[in-house]
Amino acid sequence: MSRFDLERLSKDELIELVLRLQRPTKTSRTSSKPPSTDRKERREKAKPGGAKPGHEGHSRRLSEDVDKIVDHHPDECPCCRMALPGDLAAEVVSEHDKVELPVIKPFVERHRRLAVRCPSCGAMVVAPVPAAAKGTPFGPRLHAVATYFKTFQALSYERLQGAFDHLFGLAISQGGLMNMLRRAQGRFVAKRDDAVAVLRQANVVASDETGVRIEGSNSFHWVFRCNDAVVHQASPTRGAVVIRDMMDGHRPAVWLSDRYSAQQGHADAQQTCLAHLARDVAYADEAGEDLLPMRLKLWLQGAFALAARIETLAPPTIAARRRALERRLTAILETPTSCDLARDLQNRFRRARDQLLTFAKWPGLVDASNNGCERALRPSVIQRKMTNGYRAMWAAAGEADIRTVVDTARLRPGTNAFQVILQT
């Protein structure tokens with residue numbers, strides 16, 4: 001804004017402008033900004049690292065799978081200097097593991113076609129082309145390692161090429177790696193379709209999306225969650241058409257999302273993510289001049305407390321607490337305020353009024369926040385920052401299929417991502 005523009009402002013407008021400039025900047029605690037943007041501020045307020053006084057120390061647990069055991073016997077008695085033979089009865093005093101990785105090198109199996117001369121007719125007979133000579137020379141485990149490094153360790157093609165060369169002594173061109181990943185991704189389509197089929201039968205579905213670069217253009221990575229499936233989808237658009245195509249006519253009982261309009265109206269009932277509202281309230285409480293944001297903050301704490309204990313409460317108790325929260329919210333929203341931040345919060349809560357306590361009508365089935373989808377999207381955000389996106393849509397769509405299969409398997413405890421990829 002130039003000096004000329006400032007001179008044209010009225011006194012009230014100048015006062016409002018100064019007040020806005022004095023407001024604190026938004027952080028990850030008071031907005032949807034990532035924590036990396038306020039790392040400096042957090043570092044200045046951080047406490048010294050290390051164990052606190054009185055903390056009980058912990059050491060590395062011994063491995064359950066031991067390849068070799070080496071026993072160490074004492075040679076002589078320190079009291080009388082008598083030599084101690086190795087066949088004396090002994091007891092274990094302590095155990096210590098020494099862990100090392102073996103040298104990893106590719107196992108190369110060469111197939112040779114041989115020709116022999118028939119002793120009967122003298123014809124030269126050549127062996128048929130073996131199956132190993134057709135298609136790719138790389139085996140399933142090699143495909144799984146490349147897929148794991150690219151998808152879950154966010155390696156670019158250049159870094160992936162270096163990892164194979166430096167770790168395994170295996171030279172593969174970037175084009176060869178691209179072909180390898182494309183072949184591997186095709187194996188995940190069937191299980192991805194199974195996860196979509198489960199999603200299209202779910203009563204409760206949650207969704208979220210984040211930006212991503214595909215073929216040099218702004219695109220989006222979507223995620224959909226239910227109790228038994230997690231489905232990722234790459235799309236060039238952020239519109240509601242993505243949800244309609246994904247659900248294929250199925251209308252769940254409850255949809256959990258943020259307040260973005262494209263994610264509204266896809267179910268009989270809607271649950272707004274209270275964590276998003278909590279960040280807005282935290283900023284208004286920090287930057288505003290009214291007590292209303294603090295009252296909303298306390299109201300949200302009550303809602304989160306109900307969500308945390310809802311599976312242990314009886315239905316009449318849940319209903320009574322929900323009615324009490326609704327009465328408190330009505331009183332807060334009817335309170336007059338002159339603070340624009342507080343007034344904006346009131347409007348946001350009014351628009352989402354019927355979506356704030358839906359979880360209380362579905363005890364244990366609907367969450368109060370959409371953190372599950374946000375956690376599922378976090379690897380995609382890391383991938384975006386590390387590699388700046390995808391060169392082609394097939395790469396983004398294929399990686400979404402891989403994440404769908406692995407994240408769906410991870411709903412069962414004790415799942416290993418690499419083992420899921422290798423099995424697939």
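Reader: How do the axes of helix H10 and helix H12 cross, and within what distance do they come?
Author: In this predicted model, H10 (residues 292-309) and H12 (residues 340-351) cross at roughly 35°, their axes coming within 9 Å. Axes are lines fitted to C-alpha atoms over the stretch in contact, with angles from 0 to 180 degrees between N-to-C directions. Helices are DSSP runs of H or I, at least four residues.

Reader: What makes up the contact between H10 and H12?
Author: Contact means heavy atoms within 4.5 Å. On the H10 side you've got Leu 292, Pro 293, Leu 296, Trp 299 and Leu 300, facing Ala 342, Leu 345, Gln 346 and Phe 349 of H12. That's eight nonpolar residues, one polar and no charged.

Reader: Why is H4 called roughly perpendicular to H14?
Author: Helix H4 (residues 140-152) and helix H14 (residues 393-409) pack at about 95°, axes 11 Å apart. Roughly perpendicular covers 65 to 115 degrees, so H4 gets that label against H14. Thr 147, Lys 150, Thr 151 and Phe 152 in H4 meet Glu 399, Ile 402, Arg 403 and Val 406 in H14. By class, that's three nonpolar, two polar and three charged.

Reader: How confident is the predictor, and what counts?
Author: The mean pLDDT (confidence per residue, 0 to 100) is 89, and 89% of residues score at least 70. Local features need pLDDT of at least 70 and side-chain atom pairs 80 or more, while totals for chains, interfaces and linings use all residues. Numbering starts from 1 along each chain as its sequence is written, and side-chain values use heavy atoms, without hydrogens or water.

Note on methods
Helices (H or I, at least four residues) and strands (E, at least two) are DSSP runs, numbered from the N terminus. Angles under 35 degrees count as roughly parallel, over 145 as roughly antiparallel, 65 to 115 as roughly perpendicular and the rest as oblique. Ala, Val, Leu, Ile, Met, Phe, Trp, Tyr, Cys and Pro count as nonpolar, Asp, Glu, Lys and Arg as charged, and the others, Gly among them, as polar.
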